[in-house]
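Q: Can you take me through this one? I'd like to begin with the ligand.

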Amino acid sequence: MKKLLPLMRKYIVFAILSPIFMILEVLGDVIIPYLMSKIVDIGIANQDIDYIITIGIIMIIAAILAMVFGVSSSFFGANAGYGFAAEIRQKTFEKIQGYSFANLDSFTISSLITRLTNDCNTIGQVTMMSLRMAIRAPFMLVFALIMSFRINSSLAKIFLVALPVLAIAIFFTLSKARPLFLKLQTHVDKVNGVIQENLTNIRIVKSFNRQDFEEAKFKKRNDNLMYTAFKAISYIIILMPVFNLVVYSTIIAVLWFGGKQITIGTMTGGALISFITYITQVLMSLMMISMYFMNLLRGSASVSRILEVVNTESEINEISMPIDEVRDGSISFENVSFTYPGSSERTLKNINFSIKSGETLGIIGSTGSSKSTLVQLIPRLYDVTEGSVKVGGVDVREYDMEILRHKVSFVLQKNTLFSGTIRSNMKWGKEDATDEEIIDALKNAQAWEFVSSYDDGLDHIVEQNGDNYSGGQKQRLAIARALLKSPKAIILDDSTSAVDMTTDAKIQKAFKENLPDVTTIIIAQRISSIEHADRIIVMHEGSIESMGSHEELLEKSPIYKEIYVSQQKGVIGQ
Ligand SMILES: Nc1ncnc2c1ncn2[C@@H]1O[C@H](COP(=O)(O)OP(=O)(O)O)[C@@H](O)[C@H]1O
Ligand SMILES: [Mg+2]
């Protein structure tokens with residue numbers, strides 16, 4: 001909580017005003033029954049119309065003031081609560097932006113979404129309640145108790161029976177409902193998990209006709225959420241009649257003993273009427289306190305879920321005096337091994353190689369041979385477990401991360417576009433890119449050809465995930481975006497897999513001719529995508545099987561030869 005409370009700073013005035021106004025409202029609520037008893041005992045008893053009118057007016061004023069105070073308190077409370085929630089949401093979101101890939105592996109996306117929405121909302125609501133209910137209930141309890149003891153202390157002894165009964169009932173319910181309320185959030189997570197996975201892949205779901213399966217999966221989790229919520233609420237529902245029973249029994253007891261006192265003249269009718277009101281107020285506040293505790297439980301569960309996110313430190317740390325210039329695009333791996341966090345086996349084993357600035361390196365190997373893992377270490381998407389990766393002769397961990405990632409451009413295997421226009425997507429690469437620069441990059445990526453065919457050209461719309469483009473078009477746009485960073489090295493992780501062979505060859509040619517100084521690493525499935533590379537690495541089960549030029553590898557690498565032969569057969573077979 002210490003970590004979150006400072007976020008309240010902006011709303012501190014509201015957070016202070018809300019309880020103050022709440023206390024004023026309680027004072028009004030407590031005074032009204034007292035005035036009522038005066039009207040009955042003095043005004044009505046003496047048939048004093050003037051007295052009744054005067055006290056009546058005071059009562060109305062008190063009621064109006066209590067209402068105004070109540071509304072103000074709610075207003076300030078809502079401001080403080082939801083403002084606080086918004087600050088927490090912002091801070092959590094910012095924290096997630098700084099996460100490394102390894103951090104992201106440890107949370108599911110849907111659980112992060114639930115935390116940013118549901119949990120932040122819960123914290124906002126509970127904060128609002130803390131400022132209002134948590135203040136109102138105890139004050140009301142104490143004031144109403146004092147008033148009832150003042151009116152008739154012998155009659156007030158009824159509380160000695162009523163309060164413990166109610167307290168036991170509340171304690172029992174809370175202890176039963178508590179674990180269920182804590183479980184609720186995880187069930188929400190699970191429902192969100194299915195929704196997220198389904199909606200992002202809805203087209204695949206449809207093409208495989210898996211709607212029924214998905215619906216069943218959703219129903220199961222949705223039902224689980226409902227049952228848990230229902231069970232938790234049931235306890236509260238049971239508590240209500242118990243509460244009413246206690247209240248009405250108490251009122252009957254008060255009427256019984258109070259009536260007796262009236263007949264012997266130790267109590268007045270007005271006192272009895274106000275006494276009953278106070279008794280109800282006392283019991284109501286106790287009920288309110290229990291409801292508040294229930295919500296506090298939910299709130300504390302949400303707070304710890306938010307803290308989990310906020311307290312996760314990025315695994316990728318920057319050193320204090322980072323180097324802010326990348327000299328050239330040379331890359332070397334020295335005894336590099338890598339294990340994914342939480343995994344027990346090494347995914348990369350003792351990798352050694354180096355390439356000069358401006359060279360083109362091809363990487364080939366079966367899926368799962370750790371090609372992607374290898375290149376992810378270059379822009380520090382993950383940090384090595386052993387050894388070191390150097391760019392421009394300097395260990396990547398010594399660079400300012402922003403500069404490193406700017407100079408080492410990466411087209412991810414699972415790349416995506418963002419909703420907007422082609423221009424806005426290109427500006428991800430360079431914020432102030434001119435149209436000429438953008439067109440230049442599009443040309444090198446062989447994307448200009450289709451972009452220029454649109455009437456609105458660069459302003460052509462991009463839907464969420466770039467769904468209105470074909471796989472090959474998306475890949476080419478992603479390459480252009482990466483080129484705009486004017487990098488010293490560019491990594492294409494299987495980035496032309498959906499592009500036809502002719503276009504692919506044009507991209508290779510454009511890179512060679514127009515970007516001779518940029519180091520290029522190409523991961524590919526097709527030999528044709530890499531055969532002209534200066535050097536080629538053949539990956540096998542996390543190690544380099546062999547390295548050399550196309551011709552050399554045909555001689556010495558059985559794996560390379562096998563891939564080559566199988567792809568030749570395909571070509572000849574056509
Ligand atoms: N984020 C991750 N967490 C844990 N293991 C991973 C992760 N990404 C990939 N792996 C594992 O690392 C191995 C290599 O994967 P990858 O580098 O993607 O292979 P390739 O790109 O050659 O197909 C695989 O066995 C895969 O299961
Ligand atoms: Mg891969």
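A: Ser372 has a polar side-chain atom 2.8 Å from an oxygen atom of ligand 1. That is a polar contact (a pair of N or O atoms within 3.5 Å; within protein, one must be able to donate a hydrogen and the other to accept it, and residues adjacent in sequence count only if both atoms are side-chain atoms). This is a predicted model, where local features need pLDDT of at least 70 and side-chain atom pairs count only at pLDDT 80 or more, while totals for chains, interfaces and linings use all residues. Residues are numbered from 1 along each chain as its sequence is written, chains are lettered from A and ligands numbered from 1 in the order in which they are written, and side-chain values use heavy atoms, with hydrogens and water left out.

Q: What do Ser369 and Tyr382 do at ligand 1?
A: A polar backbone atom of Ser369 is 3.2 Å from an oxygen atom of the ligand. Tyr382 has a side-chain N or O atom 3.4 Å from a nitrogen atom of ligand 1.

Q: How much of ligand 1 does the protein bury?
A: The protein buries 61% of the 560 Å² that ligand 1 exposes when taken alone. Those areas come from the Shrake-Rupley method with a 1.4 Å probe; for residues, only the protein chains shown count as cover.

Q: Which residues surround ligand 1?
A: Among them are Asp105, Tyr340, Thr347, Gly368 and Lys371, where near means that a heavy atom of the residue lies within 4 Å. The shell divides into two nonpolar, eight polar and two charged residues. Here Ala, Val, Leu, Ile, Met, Phe, Trp, Tyr, Cys and Pro count as nonpolar, Asp, Glu, Lys and Arg as charged, and the others, Gly among them, as polar.

Q: Which element gives the largest share of that shell?
A: Helix H9, residues 371-376, with three residues. Helices (H or I, at least four residues) and strands (E, at least two) are DSSP runs, numbered from the N terminus.

Q: Moving on to strand S3. Is S3 enclosed or open, and why?
A: Five of the five residues of S3 (residues 360-364) are buried, so S3 is largely enclosed by the rest of the structure. Buried means under 20% relative accessible area, exposed over 50%, partly exposed in between (1.4 Å probe, protein chains only). Thr360, Gly362 and Ile364 point one way, and Leu361 and Ile363 the other way.

Q: Which strands does S3 pair with?
A: S3 runs parallel to S10 (residues 519-523), joined by four bridges, and also pairs in the parallel sense with S11 (residues 535-540) over four bridges. Two strands pair if DSSP finds at least two bridges between them. The bridge partners of Ile363 are Ile523 in S10 and Ile537 in S11.

Q: And the antiparallel sheet, what is its strand order?
A: The order is S2-S1-S4-S5, an open sheet of four strands. S2 (348-355) and S5 (394-395) are at the edges with a single partner strand each, so one side of each has no neighbour in the sheet. S1 and S2 share five bridges, and Ser332 has Ser354 as its bridge partner in S2.
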